[in-house]
Amino acid sequence: MAGPVGPGGALETVAGSVQHTTTGLTASVVLRRGDLRLDVDLAVAAGDVTAVLGPNGAGKTTLLRALAGLQPLDAGRIVLDGTVLDDPELGTFVPPDRRPVGVVFQDYRLFPHQSVLDNVAFGLRSRGWSRRRARLAATGWLERVGLEDRAGARTAELSGGQAQRVALARALATEPRLLLLDEPLSALDASSRATTRRELRRHLDAWPGVRVVVTHDPFEAAALASHLVVVEEGRVVQSGTLSEISARPRSPWVADLVGVNLLRGQAAGDRVVVEGGLVLSVPGAGAAAAGGASVPGGGIEVFAVVHPRAVALHRQAPEGSPRNVWAGTAAALDREGDRVRVQVGGPSPIVAEVTTAAVTELGLADGGPVWVSVKATEVTVHPV
Amino acid sequence: MTTMASRTRSGTLVVAVMMAVAAACGSGSSTRPSATSPPVTLGVFAASSLTEAFTDIGRRYAKAVPGTKAELDFESSSDLARKINDGAPADVFVSADEPNMDKVVSAGNAAAPKIVSRNRLQLLVAKGNPKHFTGLADLEHPDVLFVLCAPEVPCGRLGARALRKAGVVAEPASLEANVKAVVSKVTLGEADAGIVYVTDVLASGASAEGVDIADAADADLEALYPAAVVRQSTHPDDAHRFIDFVLSPEGQGVLARFGFRGP
Amino acid sequence: MRARRARRRLSVVVVAPAVLGATFLVLPLVGLLWRAPWHSLVDDLTSPEARTALRLSLVTSLGATLVAACLGIPLAWVLARATFPGRRLVRAMALLPLVLPPVVGGVALLLAFGRRGLLGAWLLDWFGIRLPFTTAGAIVAEAFVAMPFLVITAEAAFRNVDRRYEDAARTLGARPATVFRRVTLPLVAPALVAGAVLGWARALGEFGATITFAGNAPGRTQTVPLEVFLALESGRSGVAISLSLVLLVVCLGVLVGLRERWLGPSARAEP
């Protein structure tokens with residue numbers, strides 16, 4: 001899903017150096033706010049969705065506010081489609097109302113004193129459009145998010161998912177070049193989260209321009225974006241696709257949260273069929289997958305999550321208690337203190353975390369065969 | 001559980017109530033004045049125009065009759081009459097005109113008023129008389145702002161009568177609540193002139209000056225000051241003594257010094 | 001079972017003074033109703049003096065509320081949003097008329113806006129505008145006492161407005177002025193209305209500042225409170241009580257109508 005890297009396209013960021021482009025977003029955000037010191041470089045091509053992932057207090061929201069223009073930079077630069085939005089050194093600052101940036105806030109912030117339609121029309125009216133014209137366009141946007149029948153409703157009457165869609169329509173109505181979403185799903189309850197996430201993905205895909213999603217939930221990040229940037233304590237600690245990040249987590253938080261094995265597959269009954277053909281026996285998988293998208297042929301789209309420490313390695317096929325067992329080849333060994341992360345290749349690649357002693361004991365070597373076992377109870381199933 | 005707190009609360013309440021009761025009981029006793037008994041305080045309700053003169057008289061009275069004190073309340077006669085009829089604790093009422101005294105007498109709250117002084121009207125103007133007032137007729141000038149007392153106040157009634165008598169057709173900018181308010185408006189420079197008493201002009205000292213009114217000496221434009229003992233007085237004998245003091249040579253001397261005329 | 005026992009716990013120590021307090025406040029109003037001249041009420045109120053005073057009071061109180069709003073709301077905005085040296089002092093001054101004796105206020109107004117006042121002399125010399133002894137002067141005096149109500153409620157409202165809505169509006173492309181007009185103002189409007197109504201009621205009842213600054217002239221500056229005072233003096237207590245009743249009903253109506261808005265500004269906060 002990453003945009004093509006071609007002439008004029010965005011370039012992958014390397015910490016400290018940011019290349020200027022004529023489309024897309026390139027930002028070097030440096031600012032201090034209270035105890036937080038933010039220093040993040042970001043580059044997103046037009047048509048791309050990037051998720052900024054990090055724990056609470058990492059500075060994600062501040063980053064978003066800086067991109068929106070609600071928080072001026074102390075140093076650095078923000079360039080969108082070749083236009084400089086903020087550059088303290090040059091003395092340039094484009095206020096938020098003049099930036100082609102749309103924001104969907106975590107708490108939606110629909111104006112309580114206006115109807116749904118007028119909320120969506122707000123941005124257009126602020127541009128000087130006549131009420132009739134703005135309302136006409138707003139109706140179109142509401143149709144696109146499937147809420148044209150709620151046009152006259154008051155914002156307080158909407159459900160969480162509906163409010164989110166209205167907030168999205170409102171932001172998109174002004175046809176911004178950069179769309180920022182702040183924790184778009186966190187305000188929803190668990191049951192509607194999965195369905196809303198899918199719909200949001202659909203709407204985001206249908207719209208060109210740069211999209212940045214800020215979240216602390218890796219599932220949200222993985223579901224909505226192709227490219228992840230992990231921010232902790234105001235700094236970028238890692239960036240890449242989800243599998244790249246999981247494979248080599250570079251901080252304890254990432255390791256804990258994202259450094260799990262996220263295996264995409266389909267759940268039905270007591271089994272999960274993982275991409276690549278691996279079949280995991282997980283009692284209750286089908287039930288745990290409730291709310292996820294159904295696939296033709298039965299089954300529900302899921303992430304099967306297994307922590308690397310729960311992945312056991314053996315020289316020979318183990319026997320005994322109910323486990324999932326399969327053979328694979330040990331590839332890349334990653335040492336971290338006295339723990340080693342072993343990437344096990346095979347139909348469905350998986351990462352195991354074992355002690356250095358175990359590595360010696362198992363005689364693991366690059367490319368050597370190894371047996372993998374995972375207890376059924378160690379697999380958690382999440383609907384997509 | 002809360003007994004400790006409620007006990008403290010009850011205790012505080014009891015003390016507070018006791019203190020209130022003690023304070024209420026502490027004041028007001030009616031005994032004959034003597035060197036050893038507590039001093040008698042007379043409540044004297046007097047018209048505003050008597051302010052300066054009666055303040056001096058009050059001081060002298062306290063010296064002349066040991067064991068007594070005069071507490072003076074200066075307001076417009078109409079206000080005072082109303083208060084007395086409503087039961088205010090006054091001992092002596094000195095009004096600036098007979099109608100207001102009649103209000104009190106006919107309500108049965110005073111009897112046998114005696115005239116203790118007289119006063120005449122005068123036009124009060126700014127120091128130096130910059131607008132060159134010569135009499136009431138000048139008040140008709142369109143640029144002039146003048147004030148009167150409200151019609152219920154003696155000075156206002158007389159002032160309106162004086163204007164009618166002089167054939168002056170002019171509307172005052174304001175009808176003040178008492179004669180001292182008229183003085184203030186002129187001395188502050190808000191009004192060019194005001195109809196007050198001669199005594200008020202004298203009392204205003206250097207801040208203003210007076211212009212004579214042609215018919216001021218006429219009987220129907222003269223202010224008469226009746227004084228009477230109020231029915232609800234707790235010291236009627238002392239009250240009479242006060243009025244006698246006002247009529248005495250010493251009292252009349254004070255009044256004359258302030259510009260009043262004899263009864 | 002427990003709920004019933006809890007309700008009975010209201011101690012006499014608190015209830016007794018509370019009842020006294022309520023009586024203290026209610027009794028004078030009851031007295032007014034008791035002694036009201038019901039039989040001549042209509043005549044009293046339709047007498048020429050009463051009608052003039054009522055009409056004048058309506059004009060001056062509405063004018064005063066308008067002046068207080070036009071000056072007080074921007075002031076409240078500045079106090080709520082800007083930081084500058086002396087801000088606390090300015091806020092204290094804006095609230096001064098609340099505690100200042102009205103007559104003192106009237107004298108102060110004279111010294112400022114009177115014919116020889118700081119500003120008044122200039123107004124007179126340059127524009128020929130005179131305020132004392134005029135209806136405009138009565139409006140000024142009433143505006144003086146009404147303004148604190150508007151400033152307090154407006155400042156609190158502006159403080160409590162959720163900045164997040166304003167941020168959202170700006171990201172949608174609304175300039176600061178547009179944000180104020182289309183988002184902030186509608187959100188604070190209920191509070192502003194409450195403040196204005198309260199200010200209006202206060203302006204309606206003002207006496208001391210009016211009579212001192214504007215004077216007392218029927219039809220020009222003799223508002224209802226002044227008419228009540230003078231009617232009382234001249235023995236026309238019927239008119240005095242009747243007009244007092246009118247003021248009482250109006251003020252009660254205002255307070256009952258406002259209820260939570262004034263007594264609990266946070267109770268009805270915007271969502």
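A crossing of two helices is left-handed if the near helix is turned anticlockwise from the far one by less than a right angle, and right-handed if clockwise. Helices (H or I, at least four residues) and strands (E, at least two) are DSSP runs, numbered from the N terminus. The model is predicted, so local features need pLDDT of at least 70 and side-chain atom pairs count only at pLDDT 80 or more, while totals for chains, interfaces and linings use all residues. Residues are numbered from 1 along each chain as its sequence is written, chains are lettered from A and ligands numbered from 1 in the order in which they are written, and side-chain values use heavy atoms, with hydrogens and water left out.

Helix 2 of chain A passes helix 10 (residues 176-204) of chain C in a right-handed crossing. Their axes (lines fitted to C-alpha atoms, for helices over the stretch in contact, with angles from 0 to 180 degrees between N-to-C directions) come within 12 Å and cross at roughly 150°. Helix 2 of chain A and helix 10 of chain C are therefore roughly antiparallel; angles under 35 degrees count as roughly parallel, over 145 as roughly antiparallel, 65 to 115 as roughly perpendicular and the rest as oblique. In contact (heavy atoms within 4.5 Å) are Phe122(A), Arg125(A) and Ser126(A) of helix 2 of chain A with Thr178(C), Arg182(C) and Val183(C) of helix 10 of chain C. These residues divide into 2 nonpolar, 2 polar and 2 charged, where Ala, Val, Leu, Ile, Met, Phe, Trp, Tyr, Cys and Pro count as nonpolar, Asp, Glu, Lys and Arg as charged, and the others, Gly among them, as polar.

Within chain A, the axes of helix 2 (residues 116-126) and helix 3 (residues 131-144) come within 8 Å and cross at roughly 120°. The two helices of chain A are therefore oblique to each other, and the crossing is right-handed. Residues of helix 2 of chain A in this contact include Val120(A) and Leu124(A), and those of helix 3 of chain A include Ala138(A) and Trp141(A). The contact has 10 nonpolar residues, 1 polar and 4 charged.

Chain A gives 24 residues and chain C gives 18 residues to the contact between these chains. Together they bury about 1900 Å², 62% of it on carbon and sulfur atoms; buried area is the accessible area (1.4 Å probe) that two parts lose on being put together, summed over both. Side chains of opposite charge can pair when their charged atoms come close. Between chain A and chain C there are 3 salt bridges, each a side-chain nitrogen of Lys or Arg within 4 Å of a carboxyl oxygen of Asp or Glu. Asp97(A) and Arg170(C) form a salt bridge at 2.3 Å, N to O. This pair runs from the loop between strand 6 (92-93) and strand 7 (101-104) of chain A to helix 9 (residues 163-171) of chain C. Arg65(A) forms a salt bridge with Asp167(C), with the closest N and O atoms 3.2 Å apart.

The contact of chain C with chain B takes 24 residues from chain C and 29 residues from chain B. It buries about 2200 Å², 52% of it on carbon and sulfur atoms. On the chain C side, Arg115(C), Phe133(C) and Glu233(C) lose the most area to chain B, together 33% of what that side buries. The side chain of Arg115(C) also meets that of Asp192(B) in a salt bridge (2.6 Å, N to O).
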